[in-house]
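I open this entry to record what I looked up in the structure. My notes are grouped by site.

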Amino acid sequence: GMPISPIDTIKRAIIDAGFTIGELTARDGEIDDTGNETVVTRREKQERNKVLSDFNNGKLDALIVNGSASTGLSAHTDPKFKDQRERHMIVAQPAPDINVFMQILGRIMRFGQTKLPRYTILTTALSAERRFMTMLRGKLSSLNANTSAETESGITQGGLAENIFNSIGDDVVSEVMAANPELADLVHIELPDPD
């Protein structure tokens, strides 16, 4: 059940729910895999400033963006924008580079805004994704400590991901590997001599 193009699947669901959406990506194609066949069509280039203006003035309910829109875009509740609805960013795939990730978050959190935005970061319970989210939380904590001398911020306090990299986790991994030496050998972990 994984879609070929998550962006197009998300856009279609938003439109089907009765909302309008614009796209700020560098994609030049769209994929429709809802029928019996997968149809690839050329996506018309949209003027970035027009799409952004339509969003900020209430003609569009939502924007879908990727890393190509991480800079130079203001989509916050600026007093001069007609649409003063609270902004809510849903992050489907956080950028692995913390600088790009923070730039994207900053598109709806800007100086002079009239309302604070909300953020939702989508994640699953898959181990690989939990590990990535733990690493992201660590990067956010480190970045916050560099700028404010505090490791916690509004983003990391909200339960982004529990820290699985700690002494308790180390002990659990050691016990699992000791009980399964063939697994330890398979992943090239040298176990201490039992004597």
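I take contact to mean heavy atoms within 4.5 Å. The model is predicted, and I therefore note that local features need pLDDT of at least 70, side-chain atom pairs count only at pLDDT 80 or more, and totals for chains, interfaces and linings use all residues. Residues are numbered from 1 along each chain as its sequence is written, and side-chain values use heavy atoms, with hydrogens and water left out.

Entry on Arg-27. I located Arg-27 in the loop between β1 (21-24) and β2 (29-32); strands are DSSP runs of E of at least two residues, helices runs of H or I of at least four, numbered from the N terminus. Arg-27 counts as buried because its relative accessibility is 19%; buried means under 20% relative accessible area, exposed over 50%, and partly exposed in between (1.4 Å probe, protein chains only). Leaving aside neighbours within four places in sequence, I find Arg-27 in contact with Ser-5, Ile-7, Asp-8, Lys-11 and Arg-43. The side chains of Arg-27 and Asp-8 are joined by a polar contact of 2.7 Å. A polar contact is a pair of N or O atoms within 3.5 Å; within protein, one must be able to donate a hydrogen and the other to accept it, and residues adjacent in sequence count only if both atoms are side-chain atoms. A polar contact of 2.7 Å also links the side chains of Arg-27 and Glu-23.

Entry on Ser-174. I found Ser-174 in helix α6 (residues 167-179). Ser-174 counts as partly exposed, at 46% relative accessibility.
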